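Let's take a friendly walk through this model, stopping at its rings, one of its helices and a patch on its surface.

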Amino acid sequence: MSNSAIIGCYYYPNSSQHQQCSAIVTDEHVQLIGAQQQLLLCSALVNCQLESPLPGIASAISFSEGGRFVPQDIHFRWPFAADKQGLTERLEKNKALILLSIILTPLLLWFILYRGIPAIAVYSVSLASPNTVENMGEQALTVIEKVALEPSMLSEDKQAALQLQWQTILNKLNLDTTKFRLSFYQSDYLSANAFALPHGRVVVTDELVTLLNDKPDALRAILLHEIGHVEYHHGIRLTAQAAASSIVLAVIFGDLEGITEVVLGSGSSFLQQAFSRDMEREADQYAIEKLIELGYSNHDFADAIEALQTSLAEKAKLDDSWLKYLSTHPSSQERITHARQYQPQ
C-alpha cells in the first residue's frame, strides 16, 4: 500500500485544539507526523474508523482514543476503503437515482399514510383488549364532558322512554347490553348531534332529541347509525390511524419526544377527530339494513338526515366551524337518496 504523506489536520480528543500534520498509511498502520517530524500518533488500521464521505467533504478518519484526522484535499479517499466509499459516492452522485428518490419519497409517504396505516389500524382492532378499549372510551368521554357537554335537561320520563327504546333495539339485535350504553347531555358546542365512543357508549344531545321529538323512528335510525360505528370499530381504527400517523411523521422529521404522549393520549383527541366518509357510509348502511331487519322503513334514516341537514345548515350560517363538520360526512343529499332508493338484497 502506498505510504505517501497525506496533508491534513489532526483534532485532539474532546477538544477543539488541532494541529497540521501529515498522515502516512502503511499496510497495517496509520502514522501522524507533525511539522517538526515528530510522531503524533500511530494507530493500527483495525482500530481506525472511517467517517462516511459526502461530496465536497473530506473523508475523515477517527482513532480509538477519540482524535480524528481530516485530509486537506476534500476529494481524497482512503485507499484501504476505496470499494466501500466508491459505492456510497456513486449513489450520491447518480442524478437519475436522486431524481427517482425525489419522485418516490412523496409517493411512499402517501402510501404509508393513506394505505398502509389504515390497513394496520384494521389489524390493530383485534389486538386491542376490552380493558384498553374501555379505558380509551372513558378517557375520551371525560375530556369531552369537560370541553363540550353539560348535564341533560331532559325530563326523567323522556329519558326513560328513550332508554326503553334503546334497550328494545339492543335486545332485538342480540347486542351486548352491558357494552352498549346510552347517555344524554346538553351541548351548545355540539348542538343537535350524536356520537359513539369506541367502547360502546353512545351520546345523544338534548338538542337532537328535541329536533326529532315528533320523529321517533328517525331518532331510532340515528341510534342505529351510531351502533354501526361501534360494530365496525371505527373509533378504535381512527385512534390507531391518528397515533400511527403521528409516530411515522415524528420518525421521519426527527421529533421523537412526543411519541409516548401521542400513544397514551390518543383517545383524548376523539372530539377533534372525524370519521372518514367511507366509515360514515358503512354506518349509514348498517343503520338502513337494521331498520329493515327490525321491521321499520329505510325512509326513517332519510328523514333523520333531512332534519339534521336543515338544522346544521341553519347553524352553519351562524358558525363557520360547522362547515368543517359537514365536510367530514358524505353529501347529505347523497345519503338521503341512497336511503330512499335502498332495496334489500
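Which residues do ring pairs link into a cluster? They are Tyr10, Tyr12 and Phe63. Please keep in mind that this is a predicted model.

## Aromatic pairs

Searching the whole structure turns up five aromatic pairs. One of them joins Tyr10 and Phe63 in a tilted arrangement, with 6.2 Å centre to centre and 55° between the planes. This pair links distant parts of the chain, 53 residues apart: Tyr10 belongs to strand E1 (residues 5–11), while Phe63 lies in the loop between strand E6 (61–62) and strand E7 (68–71). Tyr10 and Phe63 are buried.

Phe76 and Trp78 make an edge-to-face pair, at 5.0 Å centre to centre and 85° between the planes. Here, too, both Phe76 and Trp78 are buried.

## The buried face of H12

Have a look at helix H12 (residues 332–341), where Ser332, Arg335, Ile336 and Ala339 are buried. Viewed down the axis of H12, the buried residues fall within an arc of 100°, so they line one face of the helix. An α-helix has 3.6 residues a turn, so residues three or four places apart point the same way.

Ile103 counts as partly exposed because its relative accessibility is 47%.

Technical notes: Residues are numbered from 1 along each chain as its sequence is written. This is a predicted model: local features need pLDDT of at least 70, side-chain atom pairs count only at pLDDT 80 or more; totals for chains, interfaces and linings use all residues. Side-chain values use heavy atoms; hydrogens and water are left out. Buried means under 20% relative accessible area, exposed over 50%, partly exposed in between (1.4 Å probe, protein chains only). Helices (H or I, at least four residues) and strands (E, at least two) are DSSP runs, numbered from the N terminus. The arc is that of the directions from the helix axis to the C-beta atoms. Rings of Phe, Tyr and Trp (its six-membered ring) pair if their centres lie within 6.5 Å; planes under 30 degrees apart count as stacked, over 60 as edge-to-face and the rest as tilted.
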